[in-house]
Every structure is written in structure tokens, then in C-alpha cells.
Amino acid sequence: MPEMPEVETVRRSLIPLIKGKTIKNVTLWYPNIVVSDQSEFVHDLVNKKVIGIDRYAKYLLIRLSDNLTIVSHLRMEGKYHLVDVDTPKDKHDHVQFEFTDHTALRYNDVRKFGRMQLILTGTEKTATAIGRLGVEPNSIDFTDQYFISKLKTKKKNIKNTLLDQTIVAGLGNIYVDEVLWQAKIHPLSVSRAIPADKVKELRKNINHTIKWATELHGTTVHTYLDANGNYGGFQDKLKVYGHSGEECLRCNTILEKIKVNGRGTTFCPHCQVIYK
């Protein structure tokens with residue numbers, strides 16, 4: 001699943017491709033991608049101009065004229081690409097935004113898990129799931145005190161806590177494994193049992209890793225590409241994710257892989273301390 005660095009990379013690559021363009025018409029080849037009223041989605045977007053693209057956590061916010069915003073979640077394998085409108089449709093293209101300049105932005109999704117919603121700009125936190133999310137890494141709200149106080153309320157393990165998005169938003173399976181290894185915290189540690197100094201270290205690792213991964217245009221492990229069809233570069237920096245059965249780079253212990261709430265989780269059984 002594209003995580004915060006990947007979605008930010010998509011945002012940056014999309015802006016020069018579509019900003020300033022005017023939508024001529026919209027085609028829903030697979031209407032279920034749109035969770036708001038589908039007929040309104042198609043009708044209301046005609047003649048709207050793309051004025052910018054924002055992001056919150058893993059959500060793209062495509063800003064349009066007349067105070068409208070398309071909220072787009074890529075989920076597992078969603079991606080955008082710009083084509084000439086006469087380009088033959090790929091079998092996994094599900095939504096098309098045709099522009100007046102004879103180009104078209106197509107949303108491609110092998111698993112059809114991605115979702116779009118048309119809302120009034122400014123209602124993101126009341127009209128969509130964004131309202132249930134925690135703060136973003138590297139934001140002014142993501143402080144040591146905030147993180148410590150929030151984790152103290154959580155009885156579940158730290159892996160699930162970081163994945164549920166309600167405390168800090170934007171992390172997925174890859175980056176959670178990485179930051180827990182960096183902070184030497186076992187993924188099954190009870191969140192509220194983690195000492196304050198380790199929580200501070202974890203916050204620092206989260207900020208650093210998300211920033212670094214964004215600078216390298218995200219992580220391509222399976223199918224992630226930006227809007228120009230380019231791969232990310234952070235997969236070459238991963239220390240634990242995808243390395244089960246190999247030696248830990250810190251202590252040479254063999255890395256183990258377990259399932260945590262159904263998610264593959266790689267960690268070092270020696271370096272990463274479990275707090276209960």
C-alpha cells in the first residue's frame with residue numbers, strides 16, 4: 001500500500017501534469033471507485049479547473065475551481081497516469097478525467113480498492129475519513145508530549161497502534177517495521193508500557209524515516225509508481241522489511257518474521273526489546 005512518502009511523491013509528480021487544466025468530461029469505467037454520488041461526481045466536475053493538489057497522510061486532495069475537492073485514496077495499488085485521450089484503455093483503468101487540451105488523467109488500480117469522493121473544499125475532516133486520523137509525522141502537532149500521552153492510552157501492541165492511523169497518520173507496514181527496528185522496540189510491545197525515552201526515540205525515527213523516504217521518492221516493493229511511471233528509491237535503504245532470514249545489521253542475529261493482526265512483520269529478536 002502506498003504510504004505517506006509515496007502519496008506525497010504522487011502529489012508532486014501530478015501537479016505539473018494537470019494543474020491549470022480544465023475537465024471536459026469524466027468517465028467511470030468502474031463506478032464503485034467513487035463513494036460519493038456517482039452521477040453528481042460525473043456531472044459536477046465538467047468545466048472545473050484543477051487549481052492545485054494537497055495531501056493529508058495517505059489521501060490526495062485534488063483542488064478544483066468552484067470550491068470542490070476530489071479526495072482520493074490509492075489503497076493497495078492505485079496509480080494515476082496522464083495520456084492522450086485517444087490512447088487505448090488499459091484493462092485496469094477505471095476512471096478517466098478528460099481535459100479540454102485532449103489529454104486525460106486515468107486512474108489505474110489492479111485490485112479496484114482505491115476510492116474517490118467529491119466534497120466541498122474545507123470539509124475534509126467532517127465529510128471524509130480524514131477526520132478520524134491522527135497528526136502527521138514532521139508536523140508541529142507531532143510532539144514528544146503528544147506521542148507519549150497518546151500511547152499511554154493504548155493497551156494494544158505498538159505495531160497495530162502505529163498502523164491504525166489514529167495517533168500518527170501516514171505510516172504503513174513497511175515504515176512501521178523500519179522505525180520499530182531503528183528504535184529497538186519489539187512490534188508486540190504493549191504501547192502504554194513503552195518508556196518515555198523510547199517513545200521520544202521512536203518519534204524521532206518516524207520523522208527522519210518519512211522525510212528520508214520522501215526525498216527518495218518513496219519505496220517500490222511491488223507495484224508503486226509515481227504519476228510519471230517512475231519507481232521509488234527507498235527500497236534500497238530498508239533494513240528489516242523484506243529481509244527476514246537475513247542477519248540483523250546491528251547484531252548479526254537472524255531477523256524473524258511473524259504475523260501481527262494479519263500483517264507480515266519483520267524484526268530482530270535480540271535488538272528489539274519487548275515491553276509488557
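## Strands, cavities and cysteines at a glance

Strand 3 is mostly covered, with 6 of its 6 residues buried (buried means under 20% relative accessible area, exposed over 50%, and partly exposed in between, using a 1.4 Å probe and protein chains only). Please keep in mind that this is a predicted model, in which local features need pLDDT of at least 70, side-chain atom pairs count only at pLDDT 80 or more, and totals for chains, interfaces and linings use all residues. Residues are numbered from 1 along each chain as its sequence is written, and side-chain values use heavy atoms, with hydrogens and water left out. Helices (H or I, at least four residues) and strands (E, at least two) are DSSP runs, numbered from the N terminus.

- An open sheet is built from 4 strands in the order 2-3-4-8, with antiparallel pairing; two strands pair if DSSP finds at least two bridges between them.
- Its edge strands, each pairing on one side only, are strand 2 (50–56) and strand 8 (115–120).
- On average, neighbouring strands of this sheet are turned by 20 degrees against each other, direction ignored; the axes are lines fitted to C-alpha atoms, for helices over the stretch in contact, and angles run from 0 to 180 degrees between N-to-C directions.
- In a regular strand the side chains alternate between the two faces of the sheet.
- Which residues of strand 3 cover its two faces? Tyr-59, Leu-61 and Arg-63 lie on one side and Leu-60, Ile-62 and Leu-64 on the other, and all are buried.

**Partners of strand 3**

- Strand 2 pairs with strand 3 in the antiparallel sense over 6 bridges.
- Within that pairing, Ile-53 has Ile-62 of strand 3 as its bridge partner, while Gly-52 stands opposite Arg-63.
- Strands 2 and 3 form a hairpin with 2 residues between them, and Ala-57 in the turn has a positive phi of about 55 degrees.
- Strand 4 (residues 68–73) also pairs with strand 3, in the antiparallel sense over 6 bridges, and here Ile-62 stands opposite Ile-70.
- The hairpin of strands 3 and 4 has 3 residues between the strands, and Asp-66 in its turn takes a positive phi of about 60 degrees.

**Strand 6 and its neighbours**

- Strand 6 (residues 93–99) is largely enclosed by the rest of the structure, because 7 of its 7 residues are buried.
- Strand 1 (residues 23–28) pairs with strand 6 in the antiparallel sense over 5 bridges, and Asn-25 stands opposite Glu-98.
- Strand 7 (residues 103–108) pairs with strand 6 in the antiparallel sense over 5 bridges, with Asp-93 opposite Asn-108.
- The hairpin of strands 6 and 7 has 3 residues between the strands, and His-102 takes a positive phi near 75 degrees.

**Cavities**

- How many cavities of 30 Å³ or more does the structure hold? There are 2. On a 1 Å grid over the protein atoms alone, a cavity is a set of points where a 1.4 Å probe fits but cannot get out, and lining residues have an atom within 4 Å of a point.
- The largest cavity has a volume of about 50 Å³; grid points are joined across faces, edges and corners, and a volume is the space filled by probe spheres set on the points.
- Ile-18, Ile-23, Val-50, Ile-62, Leu-64, Ile-70, Phe-97, Phe-99 and Leu-105 line the largest cavity, and the elements that give two or more residues to this lining are strand 3 (59–64) and strand 6.
- This lining divides into 9 nonpolar, no polar and no charged residues (Ala, Val, Leu, Ile, Met, Phe, Trp, Tyr, Cys and Pro count as nonpolar, Asp, Glu, Lys and Arg as charged, and the others, Gly among them, as polar).
- The second largest cavity holds about 40 Å³ of space, and its lining includes Lys-152, Ser-191 and Arg-192.

**Cysteines**

- The structure holds 0 disulfides (a disulfide is a pair of cysteine sulfur atoms within 2.5 Å).
- Cys-271 is in no disulfide either, as the nearest cysteine sulfur, that of Cys-251, is 3.4 Å away.
- Cys-268 is buried, with a relative accessible area of 0%, and Cys-271 is buried at 13%.

Terms used. On a 1 Å grid over the protein atoms alone, a cavity is a set of points where a 1.4 Å probe fits but cannot get out, and a pocket is an open set with protein on both sides within 12 Å along at least five of seven lines; lining residues have an atom within 4 Å of a point.
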